[in-house]
Amino acid sequence: MNATPENLEALRTDPGYEPTLAEWNWLVHTGGAAYKSELMARTVFESELFGMNTYILMSMMEDYLQVPDRIATIQKHATATELVARALPIGNKRSFINLAAMPLHYLTGRELFVDLGENTLADGLEEQLAVLRFWREATIAMRTDGVLFNMEADPPNSSHVVGPELMAQIRSALLPADAELKTAIRKFGARLTAYAFLENCDARTAVCDTGPYLLDDGSFLGLRETCADGDGDFPWLDDIRETLPFHHFVIAHRLPASVRMDNNVWGTAWFTPSDYQADILETRVFCTDGGTLRPLDVADLDVATAAIRKAHRALYQRLAETDPEQRNLYATSMYAWKLKAWARLAGCYDEIDWAVTPRIAGSYAKFQDPDLALRLIGGVFVPQDRDSCFRPLG
């Protein structure tokens, strides 16, 4: 069942090709095996404000209930290929990290319902295939390297979504990485990352890495997208998001071949050496608000850094004063709203009910039990009886 498909090139690159069930299962197993490998060392999730094990369970079960219908609504307006072509491939919340997480979270929800005895493995095949079709088509349209998973790219553990024209635009705006610029970008990036994590309930969904983009001289470009909520998606940011001068960013670094960049299955990069800042050759921060790539200067970064610092304090105070169950509902919603940006681009945002289903919202007390939460998360993320998080479809 896990043998490499004969039609691998079509499976990876032809959006018109309809995979067989065996080929879908190969994709599910491949993604699930990489997912398990990444999660082996982090089956306990910790946060000062959020019960992460609880909201992870609730949100992924919510995904399983809601994602197929939401995709069906979006596809009444546009195909995944058309949507990818409408906007920049970087600097927005349709980023690679959210696209890669879509089937991973959805299929985790399937496993949870089965493990809880509420579904069987035979249930819901057509809905599952609908989600996988959207993910595969969007991934083929977004990637420029002819694969569906980072571990299969060249070089291995990389992701490429930027084409030649956009790459030329980015490279032409890079600046020599002098001490002043590197210091400003380092401070800005640290503030922005911390704030983006808090906005997203201590999850990484707003931070996405792509690259390494290898250049002719042996150096490479690494891109980090970090997107705050500028569209009104998260109600816990009302009156705070408006204080930020910019919301969507791409930080570009050109680095020498002596630095290594590895990108995991969902789009989080690790650098070797980890303290690579001193090695940066050229760099720039871009704002992508409004769908265009605008390079920012140090003065812009200073203004943005100060505003983000102030917004971070205000949001932390708001969340700290929020009832824990309500905080959990925020987090469950956040993780289950990966399709909001796609729906906005398709023009059907208001056609979708984004409320968490009562069935899931009412499960807070049940999944707050740490023993149950850990047992379920361990059983799905690091199952002892198989090398993939996911069992076959059908």
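Predicted model: local features only at pLDDT ≥ 70, side-chain atom pairs only at ≥ 80, totals over all residues.
1. Arg254 has a relative accessible area of 13%, so with the cut-off for buried at under 20% it counts as buried. Asp217 is at 55% relative accessibility, and because exposed means over 50%, that residue counts as exposed.

2. Next, have a look at Asp209 and Arg224, whose side chains meet in a salt bridge (2.7 Å, N to O). Asp209 lies in strand 2 (residues 207-214) and Arg224 in strand 3 (residues 220-227), so the bridge ties together parts that are 15 residues apart in sequence. Asp209 is buried, at 2% relative accessibility, whereas Arg224, at 23%, counts as partly exposed.

3. Now turn to Arg391 and Asp115. Their side chains also form a salt bridge, at 2.8 Å from N to O. Here the pair spans 276 residues and links distant parts of the chain, with Arg391 in the segment after helix 14 (370-381) and Asp115 in helix 5 (residues 96-115). Asp115 is partly exposed, its relative accessibility being 33%.

4. Arg391 and Asp115 belong to one network, joined by salt bridges that share partners, together with Arg110, Glu111, Asp385 and Arg386. For the whole model, the count comes to 21 salt bridges.

5. Helix 14 itself deserves a visit. This helix has 12 residues and reaches 16 Å from its first C-alpha to its last, close to the 16 Å expected at 1.5 Å a residue. At its N-terminal end you will find a cap: a side-chain oxygen of Asp369 lies 3.0 Å from the backbone nitrogen of Asp371.

6. Which residues of helix 14 are buried? They are Leu372, Ala373, Leu376, Ile377, Gly378, Val380 and Phe381.

7. Finally, what do the buried residues of helix 14 pack against? Their neighbours are helix 2 (21-39), helix 3 (52-75), helix 5 and helix 13 (364-367).

Technical notes
Residues numbered from 1 in each chain as written. Heavy atoms only, no water. Salt bridge = Lys/Arg side-chain N within 4 Å of Asp/Glu carboxyl O. Helix = DSSP H or I, 4+ residues; strand = E, 2+ residues; numbered from the N terminus. Buried < 20%, exposed > 50% of the residue type's maximum accessible area, 1.4 Å probe, protein only. Expected span 1.5 Å × (residues − 1). Contact = heavy atoms within 4.5 Å. Polar contact = N/O pair within 3.5 Å; in protein donor to acceptor, adjacent residues only side chain to side chain.
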